[in-house]
Amino acid sequence: MKLRNIITTAAMVLLPVAGSAATLVVPAAGTGPGANNSQWQSELTIHNAAPRAATITATFHQGTTAFAPVAVTLQPKQTISQADVARALGATNGSGAIVIEVADRDARAIAVTSRTFNTSAEGEFGQDIPSVDALNAARPGDLAVLNGPSAAGDIRFNFGLYALDATTVTWEVVRADGSIATTKNTSYAAGQHVLYGSGIQTFLGVTPAANDAVRARVSAGKAIFFGSIVNATGDPTFVPGVRTRDDVIINFTGVDLDEDGTIDIADENGDGVLDAPVNVFTSLFPAYFRIVAEGEFGEDVSYEVVSSPAKTDLLDADGSLRVIASGDKKNTTGEIVVKVMVDNASTFVTIPVKFK
């Protein structure tokens, strides 16, 4: 059954997704005319593996515009598809991201695939573009790597991102020998989709070379990065943004809640994210705790608060924080992101917080 038919039958009525929802993102999709009288579009296919019905909502994000969400219910074991999904979701021309939300209970049973293809007199050329779980988005401290083509010349290397939250990125072009050709800092709004065509030249302002790597260093927010290499015949190859981290050895041990010299909540697996949230009570009285970190050889580090859902102040060089949360934060969660620095190296640590 076609997604378009289901949308028409439902009269574009948005159905609620019960409970908390999981988010899947197809980072690149689109519709419209291409070069040399060609036409390009994206096909979306969804299968429900569960023995029960599941409702998904799909929204097309183009630039900073989000078209009205469309809800579709898949019956048990049903598969639906739409050959021009961006147009079905409201777009008339251009590229964007498809954001799919589904209840947590049903998320593990939903299989989403997509394909973007271009049709012309020379034939049909396309590329599969996988969906990405929002939990796997690059976050502060991550370095998303987009490996460029092995040859320069008549090859286009397009790349971009979909920002789940307000996101700050430092872009770098790194040559095959490890030298950095250029850097650029850019900020994006929550829900923004951006595609840079031939981005090394047009966006980053340098001439491409063989085996360039485009690196996106996230310092705030969360984003999904993607790319595409298009050869001289117009045949594209999807390039995923690979989530990595620099080999910077800064040991983040955890937090000391009462500043008595012991770790109360640790980062046991060393991923830079505290293993459990810090409870912050919404009242006139601030919460205090200390971040515990050091350099690889025990060197002192310095701290900088990058982002926080509540007023957060760094009180001293030892990493003591004061958090003041207003009443409207009660029963919500968030993350405090702190930059930790030693000599010329730095990393980001994430402290989940629960407001009570």
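Biologist: Where is Asn 211 found?

Modeller: Let's start with a heads-up: this is a predicted model. Helix 4 covers residues 199-202 and strand 16 covers 213-220. Asn 211 is found in the loop between helix 4 and strand 16.

Biologist: About how many degrees is the phi of Asn 211?

Modeller: Most residues other than glycine have a negative phi. Asn 211 is not a glycine, yet its phi is positive. The value is about 60 degrees.

Biologist: Is Asn 211 buried or partly exposed?

Modeller: Look at the relative accessible area, which is 42% for Asn 211. Buried means under 20% and exposed means over 50%. With 42%, Asn 211 is therefore partly exposed.

Biologist: Which loop holds Glu 259?

Modeller: Glu 259 is another residue other than glycine with a positive phi, near 55 degrees. Its relative accessible area is 40%, so Glu 259 counts as partly exposed. As for its place in the chain, Glu 259 is found in the loop between strand 20 (250-256) and strand 21 (265-266).

Biologist: What is the order of the strands in the open sheet of 5 strands?

Modeller: Begin with the edges, strand 14 (180-188) and strand 19 (242-244), each of which pairs on one side only. Neighbouring strands in this sheet are turned by 25 degrees against each other on average, direction ignored. The pairing is antiparallel, and the order is 14-13-16-11-19.

Biologist: Which residue is the bridge partner of Trp 171 in strand 14?

Modeller: Strand 13 and strand 14 run antiparallel, and 8 bridges join them. In strand 14, the partner of Trp 171 is Lys 184.

Biologist: How far apart in space are Thr 168 and Ala 189, C-alpha to C-alpha?

Modeller: Thr 168 lies in strand 13 (residues 167-174), and at 27% relative accessibility it counts as partly exposed. Leaving out residues up to four places away in sequence, Thr 168 touches several others, among them Thr 186, Ser 187 and Arg 217. Along the sequence, Thr 168 and Ala 189 are 21 residues apart. In space, C-alpha to C-alpha, the distance between Thr 168 and Ala 189 is 9.0 Å.

Biologist: What are the edge strands of the open sheet formed by 4 strands?

Modeller: This sheet runs in the order 15-12-17-18, with antiparallel pairing. Edge strands each pair on one side only, and here they are strand 15 (193-196) and strand 18 (236-240).

Biologist: Which residue in strand 18 is the bridge partner of Val 230?

Modeller: Strand 17 covers residues 223-230 and pairs with strand 18 in the antiparallel sense over 5 bridges. In strand 18, the partner of Val 230 is Pro 236.

Biologist: Which residues are the closest to the centre of the largest pocket?

Modeller: This pocket has a volume of about 760 Å³. Several strands each supply at least two residues of its lining, including strand 1 (21-33), strand 12 (156-163) and strand 17. Of the 31 lining residues, the closest to the centre are Trp 40, Asn 118, Arg 156, Val 230 and Gly 234.

Biologist: Why is strand 5 described as largely enclosed by the rest of the structure?

Modeller: Strand 5 (residues 70-74) pairs with strand 3 (residues 54-62) in the antiparallel sense over 5 bridges. Within that pairing, Ala 58 stands opposite Val 70. Strand 5 is largely enclosed because, of its 5 residues, the number buried is 4.

Biologist: What is the relative accessible area of Thr 59?

Modeller: Thr 59 is found in strand 3. Leaving aside neighbours within four places in sequence, its contacts include Phe 67, Leu 89 and Val 99. Thr 59 is buried, with a relative accessible area of 12%.

Biologist: How far apart in space are Val 278 and Gly 334, C-alpha to C-alpha?

Modeller: Val 278 is found in strand 22 (residues 278-280), and at 2% relative accessibility it counts as buried. Not counting residues up to four places away in sequence, Val 278 touches, among others, Val 255, Phe 289 and Ile 351. Val 278 and Gly 334 are 56 residues apart in sequence, while in space, C-alpha to C-alpha, they are apart by 10.0 Å.

Methods
Residues numbered from 1 in each chain as written. Predicted model: local features only at pLDDT ≥ 70, side-chain atom pairs only at ≥ 80, totals over all residues. Heavy atoms only, no water. Pairing = 2+ DSSP bridges. Buried < 20%, exposed > 50% of the residue type's maximum accessible area, 1.4 Å probe, protein only. Contact = heavy atoms within 4.5 Å. 1 Å grid on protein atoms, 1.4 Å probe; cavity = no way out; pocket = protein on both sides within 12 Å on 5 of 7 lines; lining within 4 Å. Points joined across faces, edges and corners; volume = space filled by probe spheres on them. Axes fitted to C-alpha atoms, helices over the stretch in contact; angles between N-to-C directions.
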